[in-house]
Amino acid sequence: MDAKPFPLNAWYAAAWSHEIKHELAARTICDHDVVLYRRTDGQVTALEDACWHRLLPLSMGHLKGDEVVCGYHGLVFNAAGRCTYMPAQKTINPSACVRAYPVVERHRLVWLWPGDPALADPAKIPDFHWNDGTDWVGEGGTFYDLGCDYRLVIDNLMDLTHETYVHAGSIGDEAITSAPFDVTHTERTATVTRWMIDIEPPPFWAKQLNRPGEHVDRWQIIYFQAPSTVVGDVGVAVTGTGAPQGDRSQGVNGAFLAAITPATEKTCHYFWNFVRTFRTDDEQLSRDIQKAHVNEGKGVYDQDHVVLEAQQKAIDRNPRMPFYNLNIDAGALWARKLIDAMLAEEHPKPHVPSQAAE
Amino acid sequence: MSEPVEWGGATLRSIRDLTPDIRLFEIEPEGEFVHPTPGSHINVAVLIDGRADVRSYSIVGPCTDGFYQIAVKLLGDTRGGSAYMWSLAPGAKLTVSTPGNHFELSRGRPEYLLLAGGIGITPIYTMALALAQAGANVRLLYACRRRQDFAFLDDLQERLGPRLQVFVDEEGQRADLDAEIARLAPGGELYVCGPIGMLEAAKRAWHASGRPVDQLRFETFGNSGRYPSEAFRVKIPRLHMEIEVPQNKTLLDALEEAGVGMISDCRRGECGLCALPILETDGIVDHRDVFFSDEEKAANVKLCTCVSRVAGGSITIDTADRAA
């Protein structure tokens, strides 16, 4: 049995909190079809999206109070996934249930645990506090069913030299490709740190900083939490004002946020946001930044979207795996190594008798 | 987890007797070991009178070492799977499935009441260990006919302490189910595995308490009835047939072997598909299913042929062999 490329014992973003209402919403998370809804007490429920009886997606049924009524033969399942009604019989088959998934709402997202529920500790939810809408503000979105392996998105974010080529004219800059970077890691995190000292700010940042003529120190500190969230602490500050030493007061600071959820082996949901600590009450700026990311094919994430899906198609047509790697891929390779360690924990190698070479 | 199970080769690593008639089997799969959740079972290919058949046995304990453990009670009066298992010696080759689960333990309930009777302790023991380890609020009521029939008792006492109560039938000890259910925390769940009489008593007490029906969880044991299994005769006037159901065969199997067209699914008394009309009987119909309600069983209109039997007489049944 080939193991899937994503660990199941992990929390994955399944939806933005505001998307889940008292109605049925279908999602595919790590090859599991689930149906989500908000109960009358405000809590979110996630059930297997297939009726126990004939497997019709329960998301095609309807809610009756806090229970789901199958749209085929009317079997009813409660929020624990247990059948509470079967047509035309006096008893209920004790085996009749659908799986209920652990879900927790945090950082304006609904997180779902597709693996062993006994291990679903909410303390393991990735730190995504930048998305809380308090100190950092911004309005993001989701690319649902993006046509690529979720790890390609992680590769993309862990190596920002691509900005120079994919996002020329906005955030791309030759300086990125020439600045050295450092990659560090723990058991569950990897961090790529890059400082570009005394450079011309690229157009996007020049506009935000609004200090014409000044050179800047630009930073990109990209923080990966296994298996699939990435937070990029990014910004620029006027050169010589001490940003590399920790004083960012003469700069502007943003963070790109990515919670990437495998849908299938070759598709994923990409929950993104770009938040900032400057001009936090400027709602027009929030809208402008959102538009800079996603704008009918012209935003920077639209540009990534095109590259990622084309890359997946090329991978499917060129069975040359693994890829060749460059020095710039160090961050991505650490991220993949941490994912692989999680996979190895979930799929211990069967104890095959060793074959001694003689 | 009710995932489809995959079959593969396995080796019996060791056996150990837990009681005079319960034996523990440690099985090493050749393929991937799939970690079982509490309440899981594996299927084992068995040979009964030289004929291949399948039996399901609950997984015992957490199985953290990569081996499946099952416990099998040697039963004199049933279908012969246990006799086959007891004939095996360490090193024996087996064919087993990966685990499936029809009796899943839910997490995070305010309290758990576990009720086990006899060999029904096997899934309940695993649940008790998992709940105790998770620090859950759990109590176990464990009943057996005789004192020497209790398996896993030392281990359970060590893990549960005063949260374990044992009841010895032949010493007249009985659990007060009404009282135990009454002191269960709201939202608490009852998990039952044991003979049909115990299960029905638990269902009645649960129903009387007015608690939500989905919070009573149980697994059925198709082989335990109110009466010992015995051979009985079956008349089917519509087909001009009269057959004998041997003591170690189900009515459904006997009908199929005699060429009667049948439909069935679960074969453990849950789905009701194999039920046939009862025309008359001079014995007692031993309803061993959980498909029919108490009232339906008392009315004796139909029986689930996969598990139910007749004690002390014969039965006349009808089949669906007609155009309309």
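Which residues are buried in α1(A)? Before selecting them, note that this is a predicted model, in which local features need pLDDT of at least 70 and side-chain atom pairs count only at pLDDT 80 or more, while totals for chains, interfaces and linings use all residues. Residues are numbered from 1 along each chain as its sequence is written, and chains are lettered from A and ligands numbered from 1 in the order in which they are written.

Select residues 150-158 of chain A, which form helix α1; helices (H or I, at least four residues) and strands (E, at least two) are DSSP runs, numbered from the N terminus. The buried residues here are A:Tyr150, A:Arg151, A:Leu152, A:Val153, A:Ile154, A:Asp155, A:Asn156, A:Leu157 and A:Met158, so that 9 of the 9 residues of the helix are buried and α1(A) is mostly covered. A residue is called buried if 20 or more other C-beta atoms, placed from the backbone, lie within 10 Å of its own.

Next, colour chain A by domain, with domain 1 at 12-123 and domain 2 at 127-346, bounds that come from an automatic or database domain assignment. The centres of these two domains of chain A, taken over C-alpha atoms, are separated by 33 Å. Their contact takes 11 residues from domain 1 of chain A and 13 residues from domain 2 of chain A, where contact requires C-beta atoms, placed from the backbone, within 7 Å. On the domain 1 side, strands β1 (12-16) and β2 (25-29) of chain A each supply at least two residues, and β1(A) gives the largest share, 4 residues. That side divides into 7 nonpolar, 2 polar and 2 charged residues, counting Ala, Val, Leu, Ile, Met, Phe, Trp, Tyr, Cys and Pro as nonpolar, Asp, Glu, Lys and Arg as charged, and the others, Gly among them, as polar.

Now show both chains: 16 residues of chain A are in contact with 19 residues of chain B, and the chain A side of this contact has 7 nonpolar, 7 polar and 2 charged residues.

Finally, move to chain B, which is divided into domain 1 (7-99), domain 2 (112-219) and domain 3 (232-317); the centres of domain 2 and domain 3 of chain B, taken over C-alpha atoms, are separated by 30 Å. Select helix α2 (residues 121-133) of chain B, where 10 of the 13 residues are buried, so the helix is largely enclosed by the rest of the structure. Among the buried residues of α2(B) are B:Ile121, B:Tyr125 and B:Leu131. Following α2(B), look for B:Gly135, whose phi is positive, near 75°.

Definitions and conventions:
Two residues are in contact if their C-beta atoms, placed from the backbone, lie within 7 Å. A residue is buried if 20 or more other C-beta atoms lie within 10 Å of its own, exposed if 12 or fewer, and partly exposed in between; C-beta atoms are placed from the backbone.
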